[in-house]
Amino acid sequence: MNYKECLEYIDDVTKKYGISPGLDNMNIMLDYYKRPEKKLSIVHLSGTNGKGSTAAYLASILKSAGFTVGRYISPCILDYREKIIIESSVEKRYITEDEVSKYISEIKEDIKYAFCNGGHPTPFEIETVMALRMFADNKTDYVILECGMGGELDATNAICGKEMCIFTSISLEHTRFLGNTLEEIAHNKAGIINCKCNVVSVNQRDSVNDIISTCASKYNCKYVKCDEPVNIKLSLEKTSFDYCDRKYETMLHAYYQPYNAVAAIEAAKILLSDKMNEEEKYDTISKGIMKAYWPGRFEIVSKNPCVVFDGAHNPAGIEAFVSGVKLLYPDNEYRRIGIIGVFADKNIEKMADYIKNIFDELYTVTAKKPRGMDADALAERLEAYLWKKVTPCMDNDIISLINDVSDKKKDDRSEAFFVFGSLSLYELVKGGKVE
């Protein structure tokens with residue numbers, strides 16, 4: 001199959017098999033390919049928000065230390081190939097179309113033999129095997145592996161052995177699959193601790209901290225709970241903060257970024273512990289934090305007009321996003337215009353609680369189908385919660401909407417546009433594909 005045919009095959013598998021939590025299929029495939037993950041040093045990430053940013057920070061640090069890093073992420077934003085990345089101090093590359101064709105064509109053929117007794121892997125399982133095989137073939141020094149959903153029964157958790165587990169902020173999400181309470185979800189995510197390894201977690205709610213600590217103790221893991229970053233200072237140029245009496249700066253905006261960064265800092269301290277002295281370690285870590293880049297998270301995509309994109313798509317993410325809006329774009333200086341699109345399964349009422357009284361004007365667009373809620377239906381629901389006019393943008397042309405609103409400027413304040421609610425909106429704002 002060529003690249004286009006492989007994507008069509010993945011779409012067909014999605015329609016037939018969708019989401020199916022469990023490890024049986026992955027174990028069958030990993031055994032069939034003689035456990036490629038055993039050749040890799042794997043850092044396993046779970047959490048609700050911040051996985052991508054934390055992975056970006058850690059990858060940047062490890063690159064600064066001279067290592068080659070493989071990253072497996074989801075979801076992609078502009079291009080399917082973003083899911084699988086190999087980067088070092090000299091290059092960053094996404095899996096090529098030829099490599100996608102090679103691995104998926106082989107996996108499709110091998111499924112006939114590996115599953116001769118019945119069954120079929122899901123698309124995420126196929127992609128996870130593709131990623132692990134590619135990283136093994138390219139002999140990466142480290143692999144940063146993000147859970148797709150949850151932890152215990154996530155396809156990535158079928159791997160044998162791992163060097164480290166990292167937990168970013170955990171909150172309510174995917175209750176249909178993961179549980180109805182924060183504690184149930186935390187137990188699910190903590191399920192990635194299934195062997196003796198290093199465990200790092202941001203400071204969570206007490207009940208979540210206890211669950212992670214208990215799981216780490218069960219497997220005799222070294223467990224580090226991160227302290228809180230302090231002296232956080234935000235500007236439109238950079239974010240600075242102190243952590244453990246050291247100063248750090250990042251080009252990633254938003255108040256929540258230091259909280260993601262400290263997880264990467266603690267992880268890097270462990271991974272680099274026997275490779276350099278304390279000052280060399282700090283220098284490497286601080287350079288990595290400064291150089292980290294992660295698109296679509298409170299990203300200033302345009303300065304004239306001012307357009308900020310944030311992929312926040314659940315209540316905890318929206319709350320953090322709104323904090324950044326208020327701090328960086330005070331309402332006495334900026335007319336704030338919100339443009340929101342969401343998937344239909346999201347908690348609209350809770351999200352509305354956080355955006356109440358934040359925007360001077362609010363517009364809706366339709367997030368990517370088939371899961372995206374129609375712009376008019378979203379506007380109607382938000383109006384019921386916010387008690388203010390919400391206008392649907394029926395043609396989904398965000399750029400034209402921004403230009404039209406800019407042409408009708410209403411007062412002397414600067415204008416700032418905020419596009420949020422789903423990472424799938426990024427293409428409508430920025431467009432294009434990865435190199």
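**Salt bridges and surface**

Modeller: Start with glutamate 8, which is partly exposed because its relative accessibility is 36%; buried means under 20% relative accessible area, exposed over 50%, and partly exposed in between, with a 1.4 Å probe and protein chains only. This is a predicted model, where local features need pLDDT of at least 70, side-chain atom pairs count only at pLDDT 80 or more, and totals for chains, interfaces and linings use all residues. Residues are numbered from 1 along each chain as its sequence is written, and side-chain values use heavy atoms, with hydrogens and water left out.

Colleague: Which side chain does glutamate 8 meet in a salt bridge?

Modeller: That of lysine 4, at 2.6 Å, N to O. A salt bridge here is a side-chain nitrogen of Lys or Arg within 4 Å of a carboxyl oxygen of Asp or Glu. Both residues lie in helix H1, four residues apart, about one turn of the helix. Helices (H or I, at least four residues) and strands (E, at least two) are DSSP runs, numbered from the N terminus.

Colleague: And lysine 4, buried or exposed?

Modeller: Lysine 4 is exposed, because its relative accessible area is 56%.

Colleague: How many salt bridges does the count come to?

Modeller: The count is 24 by that rule. One of the pairs is glutamate 87 with lysine 63, at 3.0 Å, N to O. This pair links distant parts of the chain, 24 residues apart: glutamate 87 is in strand S3 (residues 84–87) and lysine 63 in helix H3 (residues 51–64).

Colleague: Are those two buried or exposed?

Modeller: Glutamate 87 and lysine 63 are both buried.

Colleague: What does arginine 371 form a salt bridge with?

Modeller: With aspartate 345, the closest N and O atoms being 3.3 Å apart. Arginine 371 lies in the loop between strand S15 (361–364) and helix H13 (375–386), and aspartate 345 in the loop between strand S14 (334–340) and helix H12 (348–355), so the pair ties together parts 26 residues apart in sequence. Aspartate 345 is exposed because its relative accessible area is 52%.

Colleague: Different topic. How many helices and strands are in the protein chain?

Modeller: The protein chain has 15 helices and 17 strands. Of its 435 residues, 57% are buried. Its C-alpha atoms fill a box of roughly 65 × 50 × 45 Å, taken along the principal axes.

Colleague: Back to salt bridges. Which residues are linked in a network?

Modeller: Asp31, Arg35 and Glu37 are linked in a network of salt bridges.
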